[in-house]
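Let's walk through this model together, one region at a time. Keep the sequence and the 3D view open as you read.

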Amino acid sequence: MRSWYRNLDFPTLLIWLSLCVCGLVAIYSSTHGEAQEFLLNTVQNSFQRQLMWLGISACALVVILMIPMHWFIRLAPLAYLATIGLLIIALIAGREVGGARSWVYLGPFGFQSSELAKVGSLLMSAFVLTSRMKANNTSNSALIVSGILGLPALLIILQNDLGTALVFAGFIPILWLCSGVPLRIVGLIIIFPVIGYIAILSWQLALGFTAVAGLTAWFATRELKWATAAALVGAITVGTASFALQSVLQPHHVARIVSFSNPEADEYRAGVGFHLVQSKAALGSGGWLGQGFLQGSQTQGRYIPEQSTDFVFSVIGEEWGFVGGGLILLLFTILMLRLTWLAKRIDHPFGSLLAAGAAGIFLIHVCVNLGMVLGLLPVIGIPLPFLSYGGSALLTNTVLLSLALGAYMRRADFVLY
Amino acid sequence: MNKTRYILLNCAVTCVISILGLQLFRLQVVEQKDHSEIAHGNALRNIRVLPARGSIYDRNGVLLVHNVPEYTITLTPKFFNEERIPLLAKHLGVADSIINQSLEEARKYNPYRPSSSFSNVSFEQYSRIIEDSHLLPGVGTEIKQQRHYPTNARSSHALGYVGEINKQELNEISSESDSALYRQGDILGRTGIERGYEPWLRGVPGMARKWVNVYGLEVMAYAQGQADQKPREYYDIHLSLDSQIQEFAESLFVNKRGAVVALDPNNGEIIALVSKPDYPLEIFNGAIEDENWQSLISHSEQPLYNRATMNLMPPGSTWKPFMALLGLSEGLLGKEGGNTTIFCPGYHPIGRGRFFRCLASHGEMNVVEAIQSSCNTFFFELARRMDISSFKKYANLFGFGIEAPIDIGEQTPGLIPDSAYFGRIRSYEVEAAKMNLGVGQGDMGVTPLQLARYASALANGGVLHPPHLVKYLVNPETNEQIVIPDLPEPVKLEIDSTYMNLVRKGMRLVMEEGTGVMAQIPDIPSAGKTGTAQAPGNFEDHSVFIMFAPFDSPKIAIAVQCENTGDGSQCAAPIASLLAEKFLKGEIPPSWRTSVRMDRALSTKSQTLALTDQ
């Protein structure tokens with residue numbers, strides 16, 4: 001037998017490692033610099049814990065690479081069931097951390113059920129989509145995928161973690177795009193978040209974009225019904241969003257959603273806008289080249305809340321500047337483009353979907369997390385893959401990556417299968 | 001996956017990343033200035049750096065005043081681990097409940113900031129807590145500086161005490177000049193050198209720019225400290241004071257009130273400046289307890305009062321050399337001058353012996369003999385002949401009745417009667433009052449400092465030096481040396497040197513054959529003059545003495561006042577003589593003369609002022 005690792009995609013592995021190391025550096029800086037003595041005991045050993053989790057993740061990666069792909073196809077339903085079970089256990093017997101009841105403990109060993117749920121959900125979605133692809137009934141499979149992702153999303157909402165639930169929702173159109181779901185339906189569903197986002201900024205602008213969406217739909221399909229559908233979805237979104245912001249939601253919810261567009265305003269600055277003002281200040285303080293390792297004034301002074309977890313990018317931005325932040329963006333770009341390229345080269349639909357799905361999940365995380373850190377999106381607490389402190393997230397993301405790598409490595413096996 | 005979808009997915013990735021990248025560029029490069037200003041506003045603080053208050057040394061480099069650390073334990077409740085209360089209690093030697101109580105107080109103040117919970121702990125306790133600091137999160141240490149006085153010489157009035165600045169002073173200073181110089185809680189000198197040299201002892205505070213964290217605590221230096229300003233213009237002070245002499249003088253003053261001033265006649269350096277009773281300067285460290293303060297200011301013997309520069313009493317017979325110089329210079333003794341004699345029948349004829357008595361019937365006396373035997377009749381007659389305006393003029397020449405240009409504050413100009421004063425009394429009393437002045441009694445007052453200056457002018461042949469305590473200042477870091485104060489030029493008195501020599505000869509004879517004979521320094525010729533100042537009321541007379549030695553090239557001139565101890569040779573003379581001997585010889589060899597002087601000096605007591613005062 002030839003070396004099993006011959007077909008392993010080393011560039012992806014290298015980028016994975018680079019991102020993890022960058023994350024460790026940032027976590028080290030935010031917990032082991034001058035700021036260390038002011039930290040709570042629970043945070044002081046973050047770096048060591050993350051290092052330990054990186055070790056565990058590396059082991060998981062090796063193990064997954066050893067397992068033949070068809071096992072995963074068989075295991076997918078089981079994994080999904082386990083995922084749902086875990087989410088329910090967390091809901092009933094879990095521990096509440098940071099407001100979300102998503103932590104499950106096995107003795108001293110705790111993990112976040114909503115993070116691990118991503119693996120089960122992706123496996124199940126890929127399994128269902130590929131098995132039904134033969135039946136060539138893609139419209140139905142679109143609905144089924146929504147269901148598969150919707151159920152954990154619902155449980156996670158019940159756990160009071162809206163941010164992670166949104167990731168599941170955002171994953172739906174990406175999976176549709178990667179599977180055979182017609183593009184017009186994918187396009188239609190994408191109108192919803194885009195117009196919704198613009199509606200938060202300005203409903204007039206959102207209406208304008210609705211018109212653009214309608215016209216685009218007409219030019220793309222030359223069918224009046226699609227154009228109408230696009231315009232309708234847009235209009236409904238604008239209406240719902242505006243109505244929700246004005247009449248349904250409580251003022252403090254509205255403030256949370258709207259404040260990102262103007263966090264410096266007096267009414268937001270000390271409250272909901274605080275994270276963003278501090279995050280922007282840290283990034284600005286970084287400039288081109290950054291303040292240097294362990295030298296970031298905002299990082300070392302702990303001005304940015306959650307600086308080793310959700311706002312880890314602002315630490316990198318301050319201490320390593322635009323050069324460092326840009327490098328992280330570049331690494332993510334290469335990672336995701338590489339994964340889609342792998343997806344294209346994997347012949348078997350299941351493996352291909354795994355790789356594309358992993359890229360999709362990373363894309364959503366990067367988009368939402370960096371959107372938040374850079375002040376483009378409301379503050380939604382989800383981590384930046386491989387960089388934020390958090391063992392469950394690191395393990396989950398590494399497992400997703402190794403599934404893609406495994407599928408690519410064994411792309412020849414699939415043909416026989 | 002087909003090609004279209006592959007491209008679409010890549011487009012989505014590229015699109016998202018591009019938007020994020022552009023925004024990153026905007027925040028970090030385009031709007032960099034705006035956001036970094038917020039960052040600086042958040043986290044940059046200017047912190048004042050106070051130089052350590054200057055040390056004070058004596059003329060031989062002996063350390064008189066320096067700073068010692070006071071160890072304080074601070075608690076920061078937010079980070080404190082309550083399970084460690086027993087450990088901290090054990091280290092500090094207090095009960096757990098006390099720690100709990102301090103913790104509660106600190107929490108009320110600010111849970112994120114360290115509170116000074118236990119001040120003045122011992123070094124052992126402090127080190128134990130430092131050693132166990134890894135077990136004691138939220139427990140900090142702080143070192144404050146306190147003034148410490150390592151020698152046995154108290155020198156209370158020369159050195160002066162320090163105290164915390166009060167609100168009023170703070171307002172005055174900040175309205176006058178740089179408000180950053182002082183802040184609430186700073187100490188400043190209140191008396192003596194500490195006050196007179198406050199700007200040099202204190203220096204100009206520097207500024208350190210620090211990054212502070214979100215709790216307001218210092219995290220690290222800004223720009224590696226390159227923008228910091230160092231404290232500057234702070235100095236150690238080197239005094240002309242001799243701590244050995246000072247200590248010895250203080251020890252001789254047991255049970256006595258009074259003062260000693262010893263000067264170097266060649267330059268006006270103050271060798272000793274003692275005022276008794278005094279007080280330990282240590283009690284002013286930190287906030288002085290009210291009880292201490294009340295007893296200090298209400299004590300009948302007034303320990304805070306600087307007798308050396310402020311105590312006014314008549315000079316008694318120590319005034320006679322002055323009168324002799326006045327008489328000779330003004331021609332009151334006729335052409336013969338030094339050879340002119342005045343007959344002493346044991347009293348002055350005016351008043352028929354009832355009011356103007358002499359110690360004995362001296363017979364014919366010239367000026368030298370009159371000084372030697374302290375003949376009152378001779379000086380009554382001189383005073384009778386003098387013009388009151390020339391009296392005032394000569395007194396001022398010798399520094400009486402005016403403030404001396406000394407480099408520390410707190411002095412009184414003294415009282416020398418002038419014609420305006422005489423205008424107020426009835427004409428038939430004028431002559432009597434004048435004659436009284438001739439023997440240094442009556443309505444006049446001089447300070448020990450003035451007497452010492454006068455003695456040193458007699459010693460050096462008529463040069464009046466500005467008396468001063470400080471020789472030079474040294475910056476402890478740069479070793480830069482400056483000479484402060486800018487002393488006024490010494491004044492050469494226009495007194496004929498033959499007259500001066502006659503007076504000096506008389507004073508030498510006082511020590512060798514006259515009233516000061518028991519105060520002779522073995523092997524060292526000296527000159528001196530005893531004096532007895534009449535005290536008002538039913539109190540004992542004050543003992544006064546001036547001297548200088550060695551006679552030919554004087555190195556020390558001393559004036560001593562002892563309150564309510566009887567005549568001049570009783571108490572003041574042996575003290576002055578012992579001090580001069582110790583200064584000149586270093587040690588006083590044991591001898592019969594030594595023990596006589598010591599016995600006299602130590603056994604004399606000042607009459608107590610108030611009977612209620614035990």
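What does the accessible surface of chain A come to, and what share of it belongs to carbon and sulfur atoms? The accessible surface of chain A is about 17400 Å², and 68% of it belongs to carbon and sulfur atoms. Accessible areas here come from the Shrake-Rupley method with a 1.4 Å probe, and for residues only the protein chains shown count as cover.

A word on conventions before we go on. This is a predicted model, where local features need pLDDT of at least 70, side-chain atom pairs count only at pLDDT 80 or more, and totals for chains, interfaces and linings use all residues. Residues are numbered from 1 along each chain as its sequence is written, chains are lettered from A and ligands numbered from 1 in the order in which they are written, and side-chain values use heavy atoms, with hydrogens and water left out.

Chain A contains 18 helices and 3 strands (DSSP runs numbered from the N terminus, with helices being H or I of at least four residues and strands E of at least two). Of its 417 residues, 55% count as buried; buried means under 20% relative accessible area, exposed over 50%, and partly exposed in between, with a 1.4 Å probe and protein chains only. Among the contacts in chain A with a separation of 6 or more, 70% come from residues 24 or more positions apart, a contact being heavy atoms within 4.5 Å.

Now turn to where the two chains meet. Chain A and chain B bury about 4200 Å² between them, with 71% of that on carbon and sulfur atoms (buried area is the accessible area, 1.4 Å probe, that two parts lose on being put together, summed over both). Helix 7 (162-178), helix 13 (274-286), helix 14 (297-300), helix 15 and helix 16 (349-373) of chain A each supply at least two residues of the side that touches chain B. Helix 15 of chain A gives the most to that side, with 15 residues. In total, 59 residues from chain A and 39 residues from chain B take part in the contact.

What about polar links across this interface? The count between chain A and chain B is 10 residue pairs in polar contact, both residues at pLDDT 80 or more. A polar contact is a pair of N or O atoms within 3.5 Å; within protein, one must be able to donate a hydrogen and the other to accept it, and residues adjacent in sequence count only if both atoms are side-chain atoms. Across the interface there are 0 salt bridges, a salt bridge being a side-chain nitrogen of Lys or Arg within 4 Å of a carboxyl oxygen of Asp or Glu.

Both chains also contribute to a nonpolar surface patch of about 520 Å², made by A:Trp288, A:Leu289, A:Val323, B:Phe25 and B:Val30. Patches are made of residues with over 30% relative accessible area and no salt bridge, joining like charges within 9 Å and nonpolar side chains (Val, Leu, Ile, Met, Phe, Trp, Tyr) within 5 Å. A:Val323 sits in helix 15 (residues 312-345) of chain A and is partly exposed, at 47% relative accessible area.

Over all chains, the structure holds 25 salt bridges. In one of them, B:Glu431 pairs with B:Arg384 at 3.9 Å, N to O. B:Glu431 lies in helix 18 (residues 427-438) and B:Arg384 in helix 15 (residues 376-385) of chain B, so the pair ties together parts that are 47 residues apart in sequence. Another joins B:Lys585 and B:Glu581 at 2.9 Å, N to O. These two are 4 residues apart in helix 21 (residues 572-585) of chain B, so about one helical turn separates them. B:Lys585 is partly exposed at 30% relative accessibility, whereas B:Glu581 is buried at 0%. B:Arg53, B:Arg147, B:Glu194 and B:Glu198 are linked in a network of salt bridges.

Finally, look at the backbone. A cis peptide bond, with omega about 0 degrees, joins B:Lys276 and B:Pro277. A:Phe386 has a positive phi of about 70 degrees although it is not a glycine, and this buried residue has 2% relative accessibility. B:Asn255 also has a positive phi, near 60 degrees, but B:Asn255 is exposed at 51% relative accessible area.
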